[in-house]
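Biologist: I have a new model to look at. Can you walk me through it?
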Amino acid sequence: MKIFQILQENPPWVLRGIKNSDLKTLEWGNHFKRYRKLMRLSFEDHQAGKKVYLVAEMEGKIAGQIVIDWRILVDKEKSDGVERAYLYSLRVFPPYRNKGLGTKMILFCENFLKERNFKFVTIACERKNLRALKLYERLRFKIFKQEDTPWEFFDDQGKLRKITEPEWVLQKCIM
Ligand SMILES: CC(C)(COP(=O)(O)OP(=O)(O)OC[C@H]1O[C@@H](n2cnc3c(N)ncnc32)[C@H](O)[C@@H]1OP(=O)(O)O)[C@@H](O)C(=O)NCCC(=O)NCCS
């Protein structure tokens, strides 16, 4: 799916669909390297139209990312393929934070989903991530459940990593 949205004119901020050549930069050095395989899988899902993987550019430099999952997930309270869709993997790289980019990316996704008749946007937040929680609550997301979500992934070395993340799950009505 081709997406290209100007988020701000001057200086220029752009949100667009991911390209293969973005994957390395999106690792942000070693910072997100462990998620290499997951990021590639999300990129492939984006190409197949199963998810929307967006990359933000500020003045031509990659500054962040967000993924919209609108499939039927195991947890249908997050995404049920009809009314509810789930935002995840929101990242703004450190030099680009606190300028409003995270806010603009979330608002774009809300609008994108609203245009496609989704009624609720959901997002999960690690319980220790008070900075992100503050952002979501400012955008009128409300916590509707708290859980310890187990998940696993193969890291860039092919090693299976098992994680249990205490998280809040938030939702926002966009009807
Ligand atoms: C959480 C995260 C995505 C926020 O991104 P961001 O681009 O810094 O978010 P914003 O700039 O929109 O908002 C952050 C703060 O900057 C402030 N801000 C917004 N526009 C601003 C501007 N033009 N000038 C100065 N400050 C501004 C906002 O008021 C906000 O403050 P508040 O949360 O106290 O209300 C980013 O910190 C990040 O990537 N963190 C690491 C990964 C992570 O935690 N992801 C979330 C997973 S749940």
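What follows is a short chat about this model.

Modeller: First, this is a predicted model: local features need pLDDT of at least 70, side-chain atom pairs count only at pLDDT 80 or more, and totals for chains, interfaces and linings use all residues. Residues are numbered from 1 along each chain as its sequence is written.

Biologist: Fine. How many helices and strands does the protein have?

Modeller: Four helices and eight strands. These are DSSP runs, numbered from the N terminus: helices are H or I with at least four residues, strands are E with at least two. Along the sequence the pattern is β-β-α-α-β-β-β-α-β-α-β-β.

Biologist: And how compact is the protein?

Modeller: The radius of gyration, taken over C-alpha atoms, is 16 Å. The globule rule, 2.2 Å times the number of residues to the power 0.38, also gives 16 Å for 175 residues, so the protein is as compact as a globular protein of that length.

Biologist: What share of the residues is buried?

Modeller: Buried residues make up 28% of the 175. Buried means that 20 or more other C-beta atoms, placed from the backbone, lie within 10 Å of the residue's own.

Biologist: Now the largest nonpolar core. Which members touch the most others?

Modeller: Leu54, Ala56, Ile68, Leu87, Met105, Cys109 and Ile123, out of 36 residues. A nonpolar core is a set of buried Ala, Val, Leu, Ile, Met, Phe, Trp, Tyr and Cys residues joined through C-beta atoms within 7 Å.

Biologist: Which element gives the most to this core?

Modeller: β3, with six residues.

Biologist: Take Leu54. What is in contact with Leu54, beyond its neighbours within four places in sequence?

Modeller: The list includes Ile3, Leu15, Ile66 and Met105. Contact means C-beta atoms, placed from the backbone, within 7 Å.

Biologist: How do the strands pair? Start with β4 and β5.

Modeller: β4 and β5 are antiparallel, over five bridges. Strands pair if DSSP finds at least two bridges between them. Ile68 has Leu87 of β5 as its bridge partner. β5 and β6 run parallel, joined by four bridges.

Biologist: Switching topic. Which residues are closest to the ligand?

Modeller: Val92, Arg97, Gly100, Gly102 and Thr103, among 18 residues that surround the ligand. Near means a C-beta atom, placed from the backbone, within 6 Å.

Biologist: Which element supplies the largest share of that shell?

Modeller: α4, with five residues.

Terms used:
A residue is buried if 20 or more other C-beta atoms lie within 10 Å of its own, exposed if 12 or fewer, and partly exposed in between; C-beta atoms are placed from the backbone. Two residues are in contact if their C-beta atoms, placed from the backbone, lie within 7 Å.
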